[in-house]
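Please find below my remarks on the model under review. They are set out as numbered points, each on a separate topic.

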Amino acid sequence: MHHLVRCTGLRAAGSLNASRRSAEFSTASIARSQKESILDIEKLLSRPTWSVSSLLPPKDSASDAPEVTSKQLHHLLRLSALPPPKDQQEEAKMLSTLSSQLHFVKEIQKVDTAGIEPLRSLRDETMQGEKEAELGMEAMKDALAQEEVRGKHHKRIRRRRDHTAAKQEEDWDVLGTAQRKVGRYFVVEGGKDK
Amino acid sequence: MSSKIRRCAPATLSLFANTSARTPRACIVSQWLRSRGLTTVESTPSQTVPLRKHLKDEAKRKKAEAKGSNINIKAKTNPHSDEWELTVGVEIHAELNTACKLFSAAPATAADINGLPNTRVALFDAAMPGTQPQFQRATLLPALRAAIALGCDVQRKSGWDRKHYSHWDQPNGYQITQYYEPFAKNGNIVLRAEDGVQKTDLSGAQSISIGIKQIQMEQDTAKTTHHAPSSYHVDLNRAGHPLIEIITLPQIHSPQTAAAVVRKIQTLLKSVDACATGMELGGLRADVNVSVRQRGSSGNYSYGGVSGLGQRTEIKNLSSFAAIENAIMAERDRQIGVLEAGGVIEGETRGWTLGASETTRLRGKEGEVDYRYMPDADLPPLVIGCDLVDHLRTTLPELPDATILRVQQDYGLSAKDAKTIAALDDGERLEFMEETVELVLDKADDDQVDKTKVGKLVGNWVLHELGGLLATSNIAWADVTVSETELADIIANLQLKQITSRTAKHLLATLHELPPNEGRPSVEQLIDNGNLRLRPLSEEGYSALAGAIIAENPEMAKAVKEKGHKGKVMWFVGQMVRRGDEGTVEPEKAREVVERLLGS
């Protein structure tokens, strides 16, 4: 997150441009900053400069997050397959937790992400990485070898049906964790409780 | 008499709670019961009807009723077509022909239909905690071939997304699909009148092209079977099996065309080995989106770049071609009915059951599911190399349209025969025919032999003669013992007029019954041993034989001579063939002689 990166430790690096990626951190800039001032590391690390509580609603005043109605709460719980609240007290607690979570999210949403693609997971996104992940003729060699051409006049490509199929996937007790079963089937009760 | 029985008052009918539409029967026994005051039936006609007749009449009446309602559904002429325009988009889910599942190495189910339940399940398929999906790259081949066959642009990079919903057939709680970035886009499929397209849709052109918006790969769900009253048995063998979803653009304008599109796509996918099981076996399912608008007007909705459409409803899980046609017709009529009555169509999801007359509502807008699509963080993007796509494109098997055209042109078969033979036995029948033609042409010394003539003859034999034998002996093509060489020998002899057509058929039947490889005699041996070689009768021989038969049947002869019953000439020919020695009488020559003798 752009905002956070700017806040944490790198400010101490002084002249370092906050928008530059840490991968480009060069020894030259460390040397430069060391010349500027002798850092008191102990002092620097003794007091946090930022806390996540800045993103939560202040305890005394009400948050400016939108109200979540009881109906919306029940809808969300049903979507997530979570149990509904037992009583009014639990529901009120859920609503207030949800409210501060929404406030948190709104604070996060204040970050300017124009032109930035959402991160899906940490992967090798270099050209080399993409080349390694590419499924071309080389990568598909084995799969292509599993096919044959049938016919002399009317040529057709057909996958070879090998009945010596992979056995390793079948050596565990699939039904072992089933609460209810009939023969080799899992049993699910589909009727409505009420 | 029996009509009186049918028109019973409704009150009496309701007394028979468990006999549906059955009507009370007046008979000796019931009259006796009535006279003793022992029935609850109010009044019955005084006539008595024998039980068997009554049952027969009831069966006939039920059949007529069923036919009546069927006609309403199958109305080939759409009464609304002048005023209302129908628009249909189809989404096809087809099971890919792969060795293992999409994200686990568990063997795919398609290979064995009789496998035990819950045996082909990997830990990931059963959503065991801590398991991760592993893309099985071999599943890419059939998917790519399907995309190429449908003329799509294959995307170099595509993604995997999660579609969340809770159901017992989805152990993970989400289905992995390609919502944001499918692997193939912008294809099309061309249909002609022979494919079953409604004539009005062609509007004068030779063919129409239906656009394919995209094709995406996704997981199949587990199989559940309902056990009354409310329990379900779940089999995870199918969970995680690779599917492709093919989404067409809303450019279809009649139910027949929609069914034709699905049929054509199924044939296409089978021909490139992308999908081996069809709709009949449950390997292909279709959802359709139906909307109507007044002809000439423009609605407010659009999809895939096609705008001006009316509000659509989706009909899910149609599992046969007839169901597709009937469901679309029923939904079109329902929507028109609602709009004509001044109502508004809601964007709903509807279902169709076999034999129904209207679609049923499954989910309204309020019950609309929020799938919360998000990219799956466990899976890297799918990167497809263009060398692979090019290789698959150049080695793509001949597509069905090209095969049918080639068979028509090279072998002289009719369009219908070409289509039939190409579709039989996974292409093996056609292969057999082509090999036989080559062998026959080899045997013919004359280079001037017309390939199409030979082709037509061989085609007929492979389709109808061999096909007929297959049907009567009820065996599969794979078990046929007749070889291409044997059939080629028979046909070559036939062409060289060494044997008659009747003898040839007889030889084929003989060879068909012999077990394979057990000292099978060659065709030449059979002909020699059975003394079947055509020893053509001399001119006098024909005349003598014809004369004898004519003399024995003066009435028949008179019918031909005087009354001009030309058909009876063939009867004489038949008699001659039967009378003469096997393999001596040729029907065409015999006919000439008979016609000459009878002066016609």
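1. Helix 4 (residues 70-79) and helix 5 (residues 88-109) of chain A, in this predicted model, have axes that come within 11 Å and cross at roughly 85 degrees. The two helices of chain A are therefore roughly perpendicular to each other, a label given to angles of 65 to 115 degrees. Axes here are lines fitted to C-alpha atoms over the stretch in contact, with angles running from 0 to 180 degrees between N-to-C directions. Helices (H or I, at least four residues) and strands (E, at least two) are DSSP runs, numbered from the N terminus.

2. Contact, meaning heavy atoms within 4.5 Å, is made by Ser70(A), Leu73(A), His74(A), Leu76(A) and Leu77(A) on helix 4 of chain A, and by Glu91(A), Met94(A), Leu95(A) and Leu98(A) on helix 5 of chain A. By class, this helix pair contributes six nonpolar, two polar and one charged residues; Ala, Val, Leu, Ile, Met, Phe, Trp, Tyr, Cys and Pro count as nonpolar, Asp, Glu, Lys and Arg as charged, and the others, Gly among them, as polar.

3. As to the interface, 68 residues of chain B and 45 residues of chain A take part in the contact. The area buried between chain B and chain A is about 5,100 Å², with 54% given by carbon and sulfur atoms; buried area is the accessible area (1.4 Å probe) that two parts lose on being put together, summed over both.

4. Between chain B and chain A the count is 10 salt bridges, each a side-chain nitrogen of Lys or Arg within 4 Å of a carboxyl oxygen of Asp or Glu. Lys152(A) pairs in this way with Glu435(B), their closest N and O atoms being 3.2 Å apart. Helix 12 (428-443) is among the elements of chain B that give two or more residues to the side touching chain A, and helix 12 of chain B gives the most, with six residues. By class, that side of chain B has 33 nonpolar, 14 polar and 21 charged residues.

5. Over all chains the salt bridges come to 46. Arg120(A) and Glu181(B) form a salt bridge at 3.8 Å, N to O. Arg120(A) lies in the loop between helix 5 and helix 6 (127-133) of chain A and Glu181(B) in the loop between strand 5 (174-177) and strand 6 (184-192) of chain B, so the pair joins two chains.

6. Two backbone features deserve a check. Most residues other than glycine have a negative phi, and most peptide bonds are trans. A cis peptide bond joins Ala228(B) and Pro229(B), with omega of about -5 degrees. Asn118(B), not a glycine, has a positive phi of about 55 degrees.

7. On conventions, residues are numbered from 1 along each chain as its sequence is written, and chains are lettered from A and ligands numbered from 1 in the order in which they are written. Local features need pLDDT of at least 70 and side-chain atom pairs count only at pLDDT 80 or more, whereas totals for chains, interfaces and linings use all residues, and side-chain values use heavy atoms, with hydrogens and water left out.

Key. Parallel < 35°, antiparallel > 145°, perpendicular 65-115°, else oblique.
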